[in-house]
Amino acid sequence: MNMYRWVSIGSVSDYDELLSLLDSEFDPQKIVPRLKDAISTAVRGVLLEYNYIDKDYRSTFYNFYSKKGRTYRSDCIRLHFFDETVSFNESLLDLSSGDGRLEDHYFGYMVLRPTMVATIGRSILSPNIRKDARGFVIQSQHRVHLLGHRLHLWGFPSMDQHTDIAVCAHVACWSILRHYSERYPQHRELLVHDITMMAHQFDPGGLVPSNGLEINQAERVFQQAGTYPLIVTKTSKMPERFYRQLLAYLESGFPLFVAMHDRGHAVAAIGHSRSSLPITTTSTSSTHAWNQLEAVVVVDDNHLPYTVVPNSGAAAGNYSLSDFDSFIVPLPEKVFYPAEAVDRQSITLGNLLSKFMPMPVGGDLVVRYFVTTLAALRQYMRINQSQLGQVLVNSVMQLQAAQFVWVVEYASLDQWTDGVISARAVLDATASPYDPYPTWFAHGHNEAIFFDRSKADGQALIVPLGRPTAVSIGRMEQNLRPVVARK
Amino acid sequence: MNEVLKKYLNSLNAHSVEKVSIEEYRNEMVNKVIPEIAEAVKERQRLAAESRLWPVTRPRTSVED
């Protein structure tokens with residue numbers, strides 16, 4: 001038997017060839033319709049890699065499946081997805097693309113486990129080939145070794161739940177933590193078996209079937225993985241504040257463990273999509289960027305990744321954002337100033353700024369905030385040096401601040417539609433919620449205010465920026481990557 | 001503010017924000033915003049404590065689930 005088989009995809013029905021190429025343990029009868037339903041026509045070739053050793057499946061095989069009476073195989077199959085320029089030479093066992101840049105034409109892989117039920121294992125797929133995926137998505141770059149080639153692709157990890165040892169909540173934790181270990185070198189890689197064991201308060205004597213998961217168990221997983229989880233729960237009194245925080249942390253690049261208590265389901269929220277329609281409001285008070293959101297993008301273990309959950313109505317998972325009732329954000333150390341503090345402080349700070357720089361007022365004001373690192377802020381300033389002016393760039397390069405900062409952006413309704421802003425404030429993410437001066441600095445088009453936070457009495461200096469007057473200041477789209485649909 | 005930055009800003013003819021504006025801002029923060037934040041943090045922690053024991057997930061009851 002060949003280790004590799006190539007399936008050309010000219011039309012959706014060509015996926016049916018997989019039915020004869022995959023053993024029944026991999027449940028091809030379920031896999032093929034899911035591929036047909038969710039993968040765009042940009043995929044024109046699938047390479048099957050047989051006898052693939054998958055570390056996540058092996059972690060459950062060694063600790064669970066090998067102990068069962070039924071015999072389970074230890075090997076997996078990996079499906080790799082390519083565009084129309086790629087071809088496979090069976091005698092040379094090599095892939096080639098017209099331009100010699102194979103990874104530009106690679107859309108990722110999907111591991112199939114020999115578990116008979118819920119067989120989709122560790123998968124990294126590009127959101128660009130997911131039908132209906134849109135907006136901005138948290139992604140990290142993954143490295144793939146295939147036929148002697150080292151390929152890189154951007155995506156977010158996903159898999160089906162195992163149904164017995166791991167339920168949807170374990171999978172949501174695994175997805176988020178695998179993203180962390182790929183994205184941030186200080187986080188170690190955790191396999192499915194590790195995640196399942198970490199959810200227990202004590203070692204139950206090995207891996208045992210799970211009856212479900214409570215929020216505190218998911219919180220424990222994130223704590224043990226070295227993150228600092230924060231639980232935010234929706235109230236019927238002020239649901240909008242819940243969604244504002246959800247968006248703020250998402251835009252900060254933190255994937256969220258989202259619980260739907262009434263549905264008994266959990267997913268990982270990893271992105272969002274803004275409506276193409278401008279924000280309209282009759283309110284006399286400010287609006288939050290949340291009001292333009294039409295959907296949140298999630299990894300739901302019942303579907304292929306990048307499921308779009310709409311603000312209203314039902315999505316593929318038959319739920320909408322109104323079903324979200326709690327989320328856990330696995331924060332890094334040193335983000336002490338919570339989103340609910342920024343939500344309130346930013347309006348008062350905006351009032352102060354309006355005395356020194358033109359600011360939208362009342363119902364015309366749109367506010368948005370997110371966390372980033374000082375290094376990322378400086379990188380943004382460097383890239384946008386001509387837009388921001390040398391004074392601001394030099395000042396930020398010389399600012400001594402903590403590793404994480406909150407960025408608050410103020411725009412009018414029209415500016416928001418155009419993707420530009422009136423002013424931006426940068427707050428200390430390590431500030432206490434009781435600190436009256438959590439702001440490092442703020443800038444508009446012509447001036448910047450730098451707060452002297454070494455003093456208790458809130459001294460501040462205003463400096464003219466001397467930047468080009470006709471140039472707008474763009475919104476910072478920092479932590480998420482746009483989905484570029486390939487059809 | 002670090003001395004290097006202060007020196008740089010002063011070299012660009014920076015001037016101080018007048019005290020009255022800073023005082024107004026501080027008063028609003030101390031008397032209104034910070035108590036609201038404190039209340040919101042307390043409320044979040046209370047709700048988190050309640051929701052910790054929510055059984056949010058369960059295993060599939062069928063392969064179609």
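This is a predicted model: local features need pLDDT of at least 70, side-chain atom pairs count only at pLDDT 80 or more; totals for chains, interfaces and linings use all residues.

**Entry: a threonine in a loop**

Leaving aside neighbours within four places in sequence, which residues is A:Thr281 in contact with? I found A:Thr287 and A:Gly363.

**Entry: a lysine in another loop**

I went on to A:Lys131, in the loop between strand E7 (120-125) and strand E8 (136-137) of chain A. I skipped its neighbours within four places in sequence and got contacts with A:Ala38, A:Ile39 and A:Ser40. How far from A:Lys131 is the C-alpha atom of A:Lys36? I read 10.0 Å for this pair, whose members are 95 residues apart along the chain. A:Lys131 has 17 C-beta neighbours inside 10 Å, so I wrote it down as partly exposed.

**Entry: positive phi**

Next I turned to backbone angles. Most residues other than glycine have a negative phi, so I made a note of exceptions. I have two here.

- A:Tyr306 has a phi near 70°, a positive value in a residue other than glycine. I located A:Tyr306 in the loop between strand E16 (293-299) and strand E17 (307-310) of chain A. A:Tyr306 is buried, because 28 other C-beta atoms lie within 10 Å.
- A:Lys334 is not a glycine either, and its phi is positive at about 80°. I located A:Lys334 in the loop between strand E18 (326-331) and H8 of chain A. A:Lys334 has 12 other C-beta atoms within 10 Å, so I put it down as exposed.

**Entry: domains of chain A**

I stepped back to look at how chain A is divided. Domain 1 covers 4-169 + 188-198, domain 2 covers 215-328 and domain 3 covers 339-479. How far apart are the centres of domain 1 of chain A and domain 3 of chain A? Taken over C-alpha atoms, I have 43 Å.

**Entry: a helix pair within chain A**

I picked helix H9 (residues 374-383) and helix H11 (residues 390-398) of chain A, which pack at an angle of about 155° with their axes 10 Å apart. Angles over 145 degrees count as roughly antiparallel, and so H9(A) and H11(A) are roughly antiparallel to each other. I noted the crossing of the two helices as left-handed. On the H9(A) side, the contact is made by A:Leu377, A:Arg378, A:Met381 and A:Arg382. On the H11(A) side, I listed A:Leu392, A:Val393, A:Val396 and A:Met397. By class, this contact has six nonpolar residues, two charged and no polar ones.

Chain B has 65 residues, and 23% of them count as buried. I counted two helices and two strands in chain B, in the order α-β-α-β from the N terminus on.

How many residues of chain A are in contact with chain B? I have 52, and they touch 39 residues of chain B. Helix H8 (residues 339-353) gives the most to the chain A side, with six residues. That side divides into 24 nonpolar, 20 polar and eight charged residues.

I followed H8(A) to helix H2 (residues 19-51) of chain B: their axes come within 9 Å and cross at roughly 165°. H8(A) and H2(B) are therefore roughly antiparallel to each other, and their crossing is right-handed. The contact includes A:Glu340, A:Arg344 and A:Leu352 from H8(A), and B:Tyr25, B:Glu28, B:Met29 and B:Arg44 from H2(B). I sorted the residues of this contact into eight nonpolar, three polar and five charged.

Terms used. Residues are numbered from 1 along each chain as its sequence is written. Chains are lettered from A and ligands numbered from 1 in the order in which they are written. Domain bounds come from an automatic or database domain assignment. Helices (H or I, at least four residues) and strands (E, at least two) are DSSP runs, numbered from the N terminus. A residue is buried if 20 or more other C-beta atoms lie within 10 Å of its own, exposed if 12 or fewer, and partly exposed in between; C-beta atoms are placed from the backbone. Axes are lines fitted to C-alpha atoms, for helices over the stretch in contact, and angles run from 0 to 180 degrees between N-to-C directions. Angles under 35 degrees count as roughly parallel, over 145 as roughly antiparallel, 65 to 115 as roughly perpendicular and the rest as oblique. A crossing is left-handed if the near helix is turned anticlockwise from the far one by less than a right angle, and right-handed if clockwise. Two residues are in contact if their C-beta atoms, placed from the backbone, lie within 7 Å. Ala, Val, Leu, Ile, Met, Phe, Trp, Tyr, Cys and Pro count as nonpolar, Asp, Glu, Lys and Arg as charged, and the others, Gly among them, as polar.
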